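Please read each point with the structure open beside you.

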Amino acid sequence: MSLEQTKNFKQVHHSVTKIDARQLALGKNSYVGDFAPPDALIVKMLWSPHPHARIVSMDVSAAEKMPGVNAVLWHGNVPRIAHCTAGQGFPEPSPYDTFMFDTKVRFVGDRVAAVAAETAEQAEAALAAIQVEYELLTPVFSIDEAMAEGAPVIHDEPEAHVPIPIPYEPEKNLVARVGCEVGDLDQGLQDADFTFDDTYETPYAQHCPIEPYTAMAHIDPAGRIVITTSTQVPFHSRRIVAQTLGVPVQKIRVIKPRIGGGFGSKQEVLLDDIVAMFALRTGRPCFWQFTREENFRTGRTRHPIRVRIRAGVKKDGTITAIGMDCWNNTGAYGGHGLTVVSCCGSKVLPLYRCENIHFLGLVYYTNLPVGGAYRGFGATQSFFAMESTIDKMAEAIGMDPLEFRRKNHIQSGEGSPVFAALGEGKEGVPMTVGSCALGECITRGAEAIGWANRTDWRKKTGRYRRGIGMAALMQGSSIPHIDMGGASIKINEDGSFNLLVGATDLGTGSDTVLAQIAAEELCTTTDKMIVYSSDTDMTPFDVGAYASSTTYLSGEAARKAAADAKRQILYTGAEMLGLPVEEVICRDAHVQNPDGSKKVSYGDIACYALYQKNQYQIIGTASHITQKSPPPFAAHFAEIEVDTWTGMIKVLKYVSTIDCGTAINPALCEGQTEGGTLNGISYALTEQYLFQNGRMTNASFADYHIFSMRDKPPIQAILVPSYEETGPFGAKSVSEICINGPAPVFGNAIYNATGARLNEFPFTPEKVLQAIHAVPK
Amino acid sequence: MKLCEFLRPASLPAARDNLRELGTKGMALAGGTALHFMQDHTPVTAVDLTRLGLSYIRPEGDFYRIGATTPLADIQRYRAPRWALHEICRRISTHQIRNISTIGGNICRVFPWADLPVVLLAMNARMVVYSGKEEEFSADDYFATQPAKRFLDGNLLSAVKVPSLKAHHGFGSVKAVRTMASFSMVTIAAVLELDGPAIKSARVAAGSAIPFPKRLPEVEATLAGREARTEVFQEAAAKAGAAAPWRGREGMSPEYSRHLAEISILDALERAATFARERAE
Amino acid sequence: MIKNPQTVSFTINGENKTFITAPDEKLLALLRREGYKGAKYGCGQGTCGACTVLMDGRAIYSCLLYAMQAEGREIRTIESIGTHDQPSEFQQELIDGGAVQCGYCIPGMIMSATALMETETTFDDEIVREYMDGNLCRCTGYEKIWSALRRVLDREEGNRNPGTGGSSQPES
C-alpha cells in the first residue's frame, strides 16, 4: 500500500458525515446531564479554602440532619485507599498519593467533604453547616520553593508510594525523575561555533471544555453500580472506582454517552468515585456537575514547566549538542507528572539530528492546582523552548530559520536514539520514522504565509510592525507495547453491522473514523455501521482517548475485527455460491466471483447464517497493541502585527500544515487542526492562572480569556499526505500536535517584528512591551 | 441577592412606590445581568422595570433621550445624525448580554469596569431621575459618587439625555481589552470641540484601571486652546499619570495601566479630532 | 421540589404554557426541568453561550434570565429548529461541513444564528461576528461553523438581493 493507492479508498480518506452530527445539531438528549432522572440526588463538594493544611477535626453531624440531606461523605466514613486519579494503564507510572478524602488538604480546591441532597440549594446549605478545624501549614507555591532545603513536605503520608519501580522521593517533594544521555553534551557544546543557554517558562492553563466535569451513578435492579460519566477513560474509571470503593470490578459498569469536550482534562477519575459511593450509600441516583468555577480550580490543568535548553551549532548548520532540562510543577498530586515530562523529551528531541543529547526531567509537588493530561502533553511546553532555540541558532549562523530546519530535521528512514531511551515510565521503543512529509509541510506552509516576503526586524519602523514566525513540530501516535484497544463487529440481516469499540469519542469523531475503517476493510459503506462505544459491560476494552492513539491503535483493532468478520463472510458467501473460498472476493457489500457473474449480498449472507443453514453469528473480534509510535509532523506559520506602543499583538493569519498519514476523514482532521491551533493561540496570548495565596482568582470565562468567533484570526489547515505503513490504511494521528505550534511561532514572530525575544508566555502586552524596550538600539 | 418575590408594577410611580415600601428588601430589576456580580444570599423582592415603557431612543431638541431600560443592543443599532453612542456599545460584552443589559443597569450601580459612565462623562450627558417628579443631573454631578446611593429610597433612573454632537465636535473612544468580550483594561472617551485648528474645549474621561470613572482635568487643561495635533495630544496624554490612581489589571502592573492609559488617551484624541474635522455642519 | 412556588406563563416554541417556578429559578433550569434539554449548562454565568435561547426574537443567556422575567414573552429553543427528517438549512450545512465536533456549543450557535437571520437584512462579516460573539467553542476553532453559516447567509443575501454577490470572505 502506498500514497498512490489511497486514491482507491472508498470510505476512508473521504469526509464522511459524522455519525452523531445530526443528533447533536438537533439538540437531542446526548450528554450525561440530559439523562439525569428527576429524582436524582444532587452532589456538592466542600472544597479546601487553604493551600496546605491538616484537618484537625471535622463535624458533619449538623449537616447530616439538615433538610433534604441523604448522605455526607468525609474521611471518617470512607475507606482510606491510596490510589492515583490519572487515567493511565495499570499499574500506573504515577504515585498512589490520593485518598477519596484525606485528613490533609494540599491545594485550594482540594476535597474536604461531600453532600448528596434533594436539591442543590439544600446541598449547599449542608456544606455550610460542616464544621472543619484546620491547622494551617506553610504552603509551597513554586518549583524553587519545593526544591529548597527544608521545604514543607506536601506528601508526608506513609501510604504514598509508586506501584512500579520509578524514582519517587516525596520527602523532597520529588514526584519523578527521568533522563537519558546520548553521546557527550559537554563535548558537543565545545565543538560548537555558537552555544546557547536559555531558560523558558510555560504557564498554567485549563482545557475549558464547554461541558464541565459531569457524572452520575445509580444502582441497577441487580444491585450493580452503573456510572454514566463524561470521561475519556471508562475502563480506567471502572478499575479505579473499584479500587477506591473496595468493591469488585464486576460490580461496576461505566458508560460514556456523548461528551462535551475533554482535551485531556477528563482523562482522570475526579467525580466517578464520589457519585458511585453516594449511590451505594443512598440507593438513589446521584448526579454531580462541576460549576465552571470548580472546573477551573479543582479541574486538572496544563503542567507549568521550566525548560532549560543548552545547545550548540556550527557555522555550517550542524547541531552539535542539545541539552534539555525540565522542571515540571505537577501541583498537589502526582498523576501524569512523570509521563508529561517524559514527553517533553521523547516527543521533541528526535525532531532534529544531533549526536550529543542530554535530557533530564524532574517533577515536583506544589500546593497549587493539579496538572493532568492536556493535549500536547509536555511536548507543547518543550516545543516553545526548542523552536525558540532553533531560531536563535539559525540567526547566529546567518541562515534562514526555515532552511536551517530543513537541513536538520529527521527524515523518513531515520531513527533517533531518543526513541529507545525515553518511554513513559519505562524504557522507550526503538523506532525508525516511516512516513514523514515534514519537508512538504514546510514548503506548503511557507508558501501560504508568504515566507518569501519576510524581512529582518532591523529594517522595520513605525508603531505597528509585522513579523512572520514558524515552528516545526512532531508528536507521537499511541504508546507502543503499553496501550491496547479491542473491537468486535457483528452482522445483521440487512447487511448492517454493530461495531462495538471501547475507544472513546470525545467529540473528536472517533466513532465515525472507526466505522469508516471497518467499512473500508469490509468493502461496505460507513452508513451500514451502527457504532456503540465506551461501555465497560458491552464493548471490548480500550485504554481510552489519549496519547493520540484512537485512529492509530483503536482504528487498527477495528480494522482487524472487520477483517476477521470478512473471513467469515467470504466463507459463508462461498458456501452459498458453491465456489471455493479462494475464488471469491468482497466488493460493494457482496461476495462475488472476480468477474461478478455470481454474487450474493451481505444481507442474504446474514440471513443465511443467522436463520437458514449451518447457522452461526458472523462476528469478528480483534485487539491491537502498537509496535511503534509514528510521529505526525507539522509546520506552523503565522504573521502577526505588534503595536510597539502598547505591546498588543494581533494575529493576521495562521497556517497549520499537518502530515497525519492518511487522513481517514479529512474534514475531521482539519477540524482537529483548526480547533487545537486556536486553543494554542489563546494559550500563547491570553490564557493564564492568576493566584493569590494559592487560590486561582480568575476562575470564570469573564476573567480567563479564550477566543470567541470575534477574536479568532483566520486559520488555514493544510493536510499534507503521506502513507504510514504500520497504521490502518496509512493513518497516524492528528489531534495533539497542532496545539504545540502557536507559542513558539508567535515567540519567533515577535522577534521578527521587533527584535524582542520573550522566553515566557502568555505574551501579555506588558511583557511584550518590556521585551521591546530591552532590545538594544 | 436571592429573589424571593417578583413584582410587576404597571407604571413608573407604582414601581417607585413598591421600592419605597420594600426598602432594603427590594431590588430594581431591569436586565438582571449585573446580579451575577452580587453573589450574597440577601433575600429581596424584585421589582420588574422592563414593562414601564422605558425602552426607547428618540431625538428631543438638542438631545437624544434614551429610556433607562433600553437594551444596549438597541443603542448599538441606533443610527442618527450627530449620534455616536453605538461605537462603545458594540464593544460591551457579548451579543446575548447586549440584548438584555440596559443603559440604566450599566449606570445606576457603577462597577469599576463600566464603559458607559466614561462615555457619558465625556459627552456631558444628563441623567433624568424620577423621584415622584423628574429631575435632571449633569454627568459630572451624577458620577461624582457611586450613583447607587441616589436610588436607595426608591428613586429610579428614568432616562439618559445625550447631547447630539454639534458641528465641529468629535467623539473618540478607546477600550483596551485582551479579548473582545473581556472587561476593559482601560476605557478612554473624549469629546473635542474644534475652532479651526484649535481645540476650543475638551472633555476627556477614563475608567476601568481606576477605582471609579472620572474625567481627567489635567489632560483637559493641557488641551484647552492648543492646536489639535499629535504633539499636543502626546503632551496632554503624558499628564495621565498624575490624573488618576491607576491600578494593575490581569496580573499586569499599575505602571503598565498608566502607560496604556496614556497611549489610549492619545488614540482617543486623534479619533475625536478626525471625527470633529469631518463635521463642519 | 420547588420552594416558594409561583407560576410563569410564556409561549414556548409556539405553544402557550404555564409553569410552576420560583422567583430565584433561572430560565435554563426551568427549561431543562420541563424537558427542553437542548439548552445546556456551560458556565451558569452568562459567558459561554451554551444556554442560548431566543426571547422575543433576541438571543439571550437563559442561565442569567430569571424564569419570571419571561412572563408573557415568546421563547424559542433548539427544539423548534429542524427534525431528523428535515434539519434546518444551517443545521444541514453544519452537518455536511464537518462543523459539529462535541456538539455542546452547537444548539446555542444555532439560536444566535437564527436571531441573526431573522433580524438583519444584510450580513457583512462584522455584523455576523457581533451576533456570534457570545457563543464559545473549544473544539472547532470556529472555522467550519463560520463557513457553514457564511454559506447559508450568502445564499440568503443572494435570494433577497438577486443580482448582487454575497460576501464570502471568511474573515479579515
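How many residues of chain A are in contact with how many residues of chain C?

1. The contact between chain A and chain C, where contact means heavy atoms within 4.5 Å, takes 58 residues of chain A and 48 residues of chain C. This is a predicted model, in which local features need pLDDT of at least 70 and side-chain atom pairs count only at pLDDT 80 or more, whereas totals for chains, interfaces and linings use all residues. Residues are numbered from 1 along each chain as its sequence is written, chains are lettered from A and ligands numbered from 1 in the order in which they are written, and side-chain values use heavy atoms, with hydrogens and water left out.

2. About 4,400 Å² is buried between chain A and chain C, with 60% of that area coming from carbon and sulfur atoms; buried area here is the accessible area (1.4 Å probe) that two parts lose on being put together, summed over both. Of the area that chain A buries against chain C, 18% is supplied by A:Leu26, A:Ile210 and A:Met709, more than by any other three residues.

3. Seven salt bridges are counted between chain A and chain C, a salt bridge being a side-chain nitrogen of Lys or Arg within 4 Å of a carboxyl oxygen of Asp or Glu. One such pair is formed by the side chains of A:Arg710 and C:Glu130, at 4.0 Å from N to O.

4. On the side of chain A that touches chain C, α1, α3 (120-128) and α17 (666-685) of chain A each supply at least two residues, and the largest share, nine residues, comes from α17(A). Helices (H or I, at least four residues) and strands (E, at least two) are DSSP runs, numbered from the N terminus. By class, this side of chain A has 24 nonpolar, 21 polar and 13 charged residues, where Ala, Val, Leu, Ile, Met, Phe, Trp, Tyr, Cys and Pro count as nonpolar, Asp, Glu, Lys and Arg as charged, and the others, Gly among them, as polar.

5. A:Asp34 deserves a separate look. A:Asp34 lies in the loop between α1 (21-25) and β1 (41-47) of chain A, and at 3% relative accessibility A:Asp34 counts as buried; buried means under 20% relative accessible area, exposed over 50%, and partly exposed in between (1.4 Å probe, protein chains only). The side chain of A:Asp34 reaches the backbone nitrogen of A:Ser30 at 2.8 Å. Leaving aside neighbours within four places in sequence, the residues in contact with A:Asp34 include C:Arg32, C:Lys37 and C:Lys40.

6. Where chain B meets chain A, 22 residues from chain B and 21 residues from chain A take part in the contact, and about 1,800 Å² is buried, 53% of it on carbon and sulfur atoms. Two salt bridges are found across this interface, and A:Arg463 and B:Asp267 meet through their side chains in a salt bridge of 2.8 Å, N to O. On the side of chain B that touches chain A, helix α11 (residues 254-277) of chain B gives the most, with six residues.

7. Strands β4, β2 and β6 of chain A form an open sheet in the order β4-β2-β6, with antiparallel pairing; two strands pair if DSSP finds at least two bridges between them. β4 (104-105) and β6 (131-136) of chain A stand at the edges, each with a single partner strand, so one side of each is left without a neighbour in the sheet. Six bridges join β2 (residues 53-59) of chain A to β6(A), and A:Asp59 has A:Gln131 as its bridge partner there.

Note on methods:
A polar contact is a pair of N or O atoms within 3.5 Å; within protein, one must be able to donate a hydrogen and the other to accept it, and residues adjacent in sequence count only if both atoms are side-chain atoms.
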